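I opened my notebook to look up a few residues and the core around them. Here is the structure I worked from.

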Amino acid sequence: MSKKTPAVEAGRRVDPRVRRTRALLRSAALELAAERDVESLTIADIAERATVNRATVYQHYKDRDALLLDAMEEEIGRLAHAAARCPLTRPAGRTPAELVELFRHVEANATLYRRMLGPSGAARFINELRGLLAQEVEAQLHEEKDTDAAAPTVQALARLRAHYLAGAFVGVFTQWVSTPVRPTADQAAQEVWALMRGASKRAASGMPA
């Protein structure tokens, strides 16, 4: 998923006042999404939280879902950026600090992720999250490529591995933020890293997963 740069949209420069208003609306939408079911939110609710009138909201977004999607994509982008910094494809002995930071990011927004990933969450959010995580993992896999990495079969296998890991992370995040008494971010990261190390060792030895 590609995001437009903050200052440019559709080939033109965006007025700073427009950017500030949209940032307010996105922030308000995310705050409310962390407090109640997404489907119960209205444009009026978001406008009130952002301290703007409803007409202002419609100047920037055609409806509530467009605003929520924009707000969620921004949050997904933050998580994907954190994932991009984490070496996910070559598990070593020590849990990377970047992986701990990834879990801390989710932990800091646990209520939002619980609502978005839970039974009443947004399917678009889940799909976007899984897709972006897979892109980041696949990019790391391509950095390790050998002379045969350009072969279609090798690319397809890398994509499968990327989506496997991305799906695992989405599943872990969903379970973790939904647990009433959950492990800390450090504990969760250590457990996931141990599992990834085990899968990596099996793959290296040719053992079935």
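My entries follow.

**Ground rules.** I am reading a predicted model, where local features need pLDDT of at least 70, side-chain atom pairs count only at pLDDT 80 or more, and totals for chains, interfaces and linings use all residues. Residues are numbered from 1 along each chain as its sequence is written, and side-chain values use heavy atoms, with hydrogens and water left out.

**His 105.** I found His 105 in helix H5, residues 97-108. Helices here are DSSP runs (H or I, at least four residues), numbered from the N terminus. Is His 105 buried or exposed? His 105 counts as buried because its relative accessibility is 18%. Buried means under 20% relative accessible area (1.4 Å probe, protein chains only). I then listed its contacts (heavy atoms within 4.5 Å). Leaving out residues up to four places away in sequence, His 105 touches Glu 75, Arg 78, Leu 79 and Tyr 113.

**Trp 176.** Next I went to helix H8, residues 152-178, which holds Trp 176. Trp 176 is buried, at 4% relative accessible area. Beyond four places in sequence, its contacts include Phe 103, Val 106 and Pro 183. Val 106 is 70 residues from Trp 176 in sequence, yet their C-alpha atoms are 9.5 Å apart.

**The core.** A nonpolar core is a set of buried Ala, Val, Leu, Ile, Met, Phe, Trp, Tyr and Cys residues joined through side-chain atoms within 4.5 Å. How many residues does the largest one have? I noted 59 residues, with Leu 99, Phe 103, Phe 125, Leu 129 and Phe 169 having the most contacts inside it. Among the helices that each supply at least two residues of this core are H5, H8 and helix H9 (185-205).

Methods. Buried means under 20% relative accessible area, exposed over 50%, partly exposed in between (1.4 Å probe, protein chains only).
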